[in-house]
Amino acid sequence: MKESCRRTDERLTPYADDALPAAERAEVERHLTACPPCRREAAHEEGGRTLLRERSSHLKCEALPPGLRTRCEALARQYTARRHAPSWRAGLARGVVAAFAVLIAAGLALSVATRRSDTVLAAQLTADHVKCFRIFAKDNSPGLDAADVEQHLRDEYGWDVRVPPSAPEQGIQLIGARRCLYGEGTMPHVMYRVNGKNVSLYMLDGVRRPPAELTGLGYRSRIWSRGATTYVMVSSDSGADLVRAAQYVMQKVQ
Amino acid sequence: MLGRRQPPDPDAFAAEVLAFLDPLYATALRLTRNRADAQDLVQDTLVKAFRFADRFERGTNLKAWLYTILHNTWRNRRRDAARDTVEVDSERVEEASSTSSGPAEIDTPEQILLRDTLDADLQAALDDLPEAFRQAVWLRDVEEFTYAEIAQMLGVPIGTVMSRISRGRRLLYERLSASHGSARVGAGRR
């Protein structure tokens, strides 16, 4: 490539974007007039640019998948709730009486916040449960070996977790494991099918929460802790199957 | 107090971030070419945006800041998933395409191509571009960021950004012209 062609070629992008100073622009135009190969390159650059820009609104038009907005809004609510949390230090500075009042208020606020955070957590995990089963599980997903799933979680994400295996006699089948995102980070999401119903098991390491049972969006979540891990099970089934599956998992992860 | 960053108002910040959800998802989808990965990428981006909200300087470009997080997150994820292969691959393609002259003379006028190219074809051609070029043309021609903003998002010099935009635009045009030409011949239209 000739030096003048190379210099022109380097400037075809800002030339097409009309971002060159006048003197350089004139120089590029002089060269293009005299050089058909560079003129062809300039036409291709302009052609690609025009195609993308004229169609940009169509290209950008992608419907958000169900659940994504809900999960992102939950993240936003958690963030604003954290930022609006009252500062107890300011209360203490006003004296002993005020300090007691603040402490009592803080205690109450904490219990409300915890309950609310259970609700937020359950809502996030319910949305993830629906998404993962819709995208990743097939009706005929084969049962998986628990040791393979544990190995996968260790190799892919560095998690050393105990995955309860399938229990055919109880109608429990292990069908997959993924990484799940929630407000505070990531955690293992293990997927089961219990007598044909989709059941998710989430494991939050280093977190202890009091046991709770919540219902929302037509799904039921059971939360409990063992050691330094909190477990959450989510299912659309509120009957005996979920209870049995939860008992089975509790027993296996001990 | 001079020079200290003002933390954003939490409610306004959260609302502004959520307002960019649609373009973030569209960009994540073009980047990952996979709906499940795009969802994870957007959610991961928001987790980080809220966690590091204090690092955002009020009055600066929030969209560019979010896109920087999105691209960094994607880059780290790719690096974790397959060390080196991505970079090597992109660089090789970059070199190869800069020496190739593309298809020979193409007589199809730009206007005909523009009129006859379907959105789906354009999207498919865009998805077929090497990742480095796809990112660059998307950020410049679809999202209309400046060269400097893109350079910061991708962590590369401005010269590299321009060269990737240039290669991306020309490859896209040449591939669409070629397929458009062969489709016309194959279908025997007109």
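## A loop residue in chain A

Asn195(A) has a relative accessible area of 43%, so the residue counts as partly exposed. This description rests on a predicted model. Asn195(A) sits in the loop that runs between β2 (185–194) and β3 (197–205) of chain A. Its phi is near 45°, which is a positive value in a residue other than glycine.

## A loop residue in chain B

Chain B also has a residue with positive phi: Glu144(B), at about 55°, although it is not a glycine. Glu144(B) is found in the loop between α8 and α9 (147–154) of chain B. Its relative accessibility is 52%, and because exposed means over 50%, Glu144(B) counts as exposed.

## Chain A as a whole

Chain A has ten helices and six strands. Of its 254 residues, 46% are buried. When contacts in chain A between residues at least 6 apart in sequence are considered, 53% of them join residues at least 24 apart.

Val243(A) and Arg222(A) are 21 residues apart in sequence, and their C-alpha atoms are 9.0 Å apart. Val243(A) belongs to helix α10 (residues 240–253) of chain A. With 32% relative accessibility, Val243(A) counts as partly exposed.

## Helix α3 of chain A

Helix α3 of chain A covers residues 22–34, which is 13 residues. At 1.5 Å a residue the helix should span 18 Å, and the C-alpha atoms at its ends are 19 Å apart, which agrees.

Which residues of α3(A) are buried? They are Val28(A), His31(A) and Leu32(A). Viewed down the axis of α3(A), the buried residues fall within an arc of 100°, so they line one face of the helix. These buried residues pack against three helices of chain A: α1 (3–10), α2 (12–16) and α4 (36–54). The other side of α3(A) carries the exposed residues Ala22(A), Ala23(A), Arg30(A), Thr33(A) and Ala34(A).

## The interface between the chains

In the contact between the two chains, 58 residues of chain B touch 52 residues of chain A. About 5000 Å² of area is buried between chain B and chain A, and carbon and sulfur atoms give 56% of this area.

Polar contacts join 18 residue pairs between chain B and chain A, with both residues at pLDDT 80 or more. On the side of chain B that touches chain A, the elements that give two or more residues are α1 (10–19), α2 (21–32), α3 (35–51), α6 (110–116), α7 (119–128), α8 (131–142) and α10 (158–187) of chain B. The largest share of that side comes from α3(B), with eleven residues.

## Salt bridges between the chains

Side chains of opposite charge can pair when their charged atoms come close. Over all chains the structure holds 32 salt bridges, and 14 are found across the interface of chain B and chain A. One of these joins Arg170(B) to Glu45(A), with 3.2 Å between the closest N and O atoms.

Arg53(A) and Asp141(B) also form a salt bridge, at 2.8 Å from N to O. Arg53(A) lies in helix α4 of chain A and Asp141(B) in helix α8 of chain B, so this pair joins two chains. Arg53(A) is partly exposed, with a relative accessible area of 21%, whereas Asp141(B) counts as buried at 0% relative accessibility. A further salt bridge links the side chains of Asp40(B) and Arg178(A), at 3.5 Å from N to O. This pair joins two chains as well, because Asp40(B) is in helix α3 of chain B and Arg178(A) is in strand β1 (residues 172–182) of chain A. Both Asp40(B) and Arg178(A) are buried.

## A salt bridge within chain B

The closest N and O atoms of Arg30(B) and Asp127(B) are 2.8 Å apart.

Residues under 20% relative accessible area count as buried. Arg30(B) has a value of 6% and is therefore buried. Asp127(B) is buried as well, with a relative accessible area of 16%.

Terms used. Residues are numbered from 1 along each chain as its sequence is written. Chains are lettered from A and ligands numbered from 1 in the order in which they are written. This is a predicted model: local features need pLDDT of at least 70, side-chain atom pairs count only at pLDDT 80 or more; totals for chains, interfaces and linings use all residues. Side-chain values use heavy atoms; hydrogens and water are left out. Helices (H or I, at least four residues) and strands (E, at least two) are DSSP runs, numbered from the N terminus. The expected span of a helix is 1.5 Å times one less than its number of residues. Buried means under 20% relative accessible area, exposed over 50%, partly exposed in between (1.4 Å probe, protein chains only). The arc is that of the directions from the helix axis to the C-beta atoms. Contact means heavy atoms within 4.5 Å. Buried area is the accessible area (1.4 Å probe) that two parts lose on being put together, summed over both. A salt bridge is a side-chain nitrogen of Lys or Arg within 4 Å of a carboxyl oxygen of Asp or Glu. A polar contact is a pair of N or O atoms within 3.5 Å; within protein, one must be able to donate a hydrogen and the other to accept it, and residues adjacent in sequence count only if both atoms are side-chain atoms.
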